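Please open the model in your viewer and keep the selection panel at hand. The tour begins at the ligand and then moves to one helix residue.

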Amino acid sequence: MEKSFTKVWESCLSVIKDNVSSQSYKTWFEPIKPIKLTNSVLTLQVPSQFFYEWLEEHYIVLLKKTIKKELGNEGRLEYSIIMENNYNNTSKPYTVKIPTNNKKELKNPSVSMPIDLNNNSIRNPFIIPGLKKVNVDSQLNPNYSFDNFIEGDCNRLARAAGFAVAEKPGGTSFNPLLIYGGVGLGKTHLSHAIGIQIKSEFPNKTVLYVSSEKFTQQYIDSVRNNNQNDFIHFYQMIDVLIIDDVQYFAGKEKTQDVFFHIFNHLHQSGKQIILTADKPPVEMQGFEQRLLSRFKWGLAADLQTPNLETRVAILQKKVYADGLVDIISYDVIEYLAYSISTNVRELEGALISLLAQASMNKKAITLELAKQMIDKFVKNTAREVSIDYIQKVVCDYFELPLELLKSKTRKREVVQARQIAMYFSKCMTKSSLATIGLHCGGKDHATVLHACRTVNNLMDTDKRFKTYIDDLNKKITIQ
Ligand code: ADP
Ligand code: MG
């Protein structure tokens, strides 16, 4: 008889609890639900893709050890990921198999994971006569769906056009549909969304997403291997062809030429073409005129920078989808959305660094932390806090003379203030441990490291100490 999965997971948790901070435990382990144990494979349900990736990146060694301890060398782990489709709470879990004995494989779990879109290797098997069309892998990332694409003034036209195309591929006047806009505004996401929608409504249609770089590389390879005809053939039998970032075709005459022929063939046969680019056709340089004029045949729709309201909505959706609602307050979301107005990718990046910061430094995700992070990592305009300044604030706060802090004295209250100064210097300046040590009583780097650990530990265990740190944090960051 196998042990019960809840018991096994409980034992794992008790080990894990001792090995991670309480904040990390709360954030990354409490939301996990064990769901079954079969043949030494323990299946854990996690709230999102992001969550799974985070565990894999930061805690896999620990997980592996605890699983082996509980289930022996045969012990394996599988994740079941809840995919939030929309706000109606319809979630369909899918499973990723993680062999716990091979770390390398972890990066590429085999089952329905988003494909590596940057991978340049050719996955499309060139068509061999007689090969069934359905064998083409669409290369679509299931996370880039319409459901996950927030509508706003910035994308209304492009989104609506994309939707119309998805309802009637090749049957609207939006052919080609060209989506253009700056980096990180959602061109790739929207083009995938159209593909996903078509695949779900017309499962028999052959949809293919390809980046222009990959298309170019495949073409070059086909020339080298003397099978250009196979290459052209393959692309001519696609029903919905999505080519991302066509601006990279600029100056590549041969590639443009072959694309021109493929384009014509598809267009004449009523197939749908979807393109993305960083600018509208009128501004594109390095393109043959005949190709540019074809880009203008259908509809060119732009994506603009989202306004505050849309940015908030995008972050909320992300926070919801990643199961972080209880961890990040609305204030923090609004602050991020307010501070980062450039593009959606940076907005998401900020959210992820904030999570990382909070988890690494064992801090709760507060507005203070968000402010601090934005200043340090995003705006890059933040006033550099100096070690001297930190020492001064700490001394003022504890009413200690600065000379004492800089001296070698080992009086208890001075030692603690010195450790706190070291801790803040490490968190808030770019100085090395050695430099910090030098400034704080001529200590070495190991002493500074020890100080940081001590402060971290005390913050977890001593409420009063934690208040000191929070107060000082405010005083140092906000003047
Ligand atoms: P681009 O291809 O224009 O550089 P991407 O499509 O890669 O931009 O988008 C960058 C990130 O922002 C992606 O993670 C994407 O999911 C997200 N994103 C962009 N627009 C939206 C939106 N309207 N709603 C939700 N997420 C979005
Ligand atoms: Mg893109």
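Select ligand 1 together with its shell, whose residues divide into 7 nonpolar, 7 polar and 3 charged (Ala, Val, Leu, Ile, Met, Phe, Trp, Tyr, Cys and Pro count as nonpolar, Asp, Glu, Lys and Arg as charged, and the others, Gly among them, as polar). This is a predicted model, in which local features need pLDDT of at least 70 and side-chain atom pairs count only at pLDDT 80 or more, whereas totals for chains, interfaces and linings use all residues. Residues are numbered from 1 along each chain as its sequence is written, chains are lettered from A and ligands numbered from 1 in the order in which they are written, and side-chain values use heavy atoms, with hydrogens and water left out.

Next, colour by domain: domain 2 (136-303) and domain 3 (309-379) each give the shell at least three residues, with the bounds coming from an automatic or database domain assignment.

Now display distances to the ligand. A backbone N or O atom of Gly-184 lies 2.7 Å from an oxygen atom of ligand 1, and a polar side-chain atom of Arg-345 is 2.8 Å from an oxygen atom of the ligand. Ligand 1 taken alone exposes 560 Å², of which the protein buries 92% (areas by the Shrake-Rupley method with a 1.4 Å probe).

Finally, select Ile-194, which is found in helix α7 (helices are DSSP runs of H or I, at least four residues, numbered from the N terminus). Ile-194 is buried, with a relative accessible area of 0%, where buried means under 20% with a 1.4 Å probe and protein chains only. Its contacts (heavy atoms within 4.5 Å) include Phe-146, Leu-177 and Ile-274, not counting residues up to four places away in sequence.

Definitions and conventions: A polar contact is a pair of N or O atoms within 3.5 Å; within protein, one must be able to donate a hydrogen and the other to accept it, and residues adjacent in sequence count only if both atoms are side-chain atoms. Helices (H or I, at least four residues) and strands (E, at least two) are DSSP runs, numbered from the N terminus. Buried means under 20% relative accessible area, exposed over 50%, partly exposed in between (1.4 Å probe, protein chains only).
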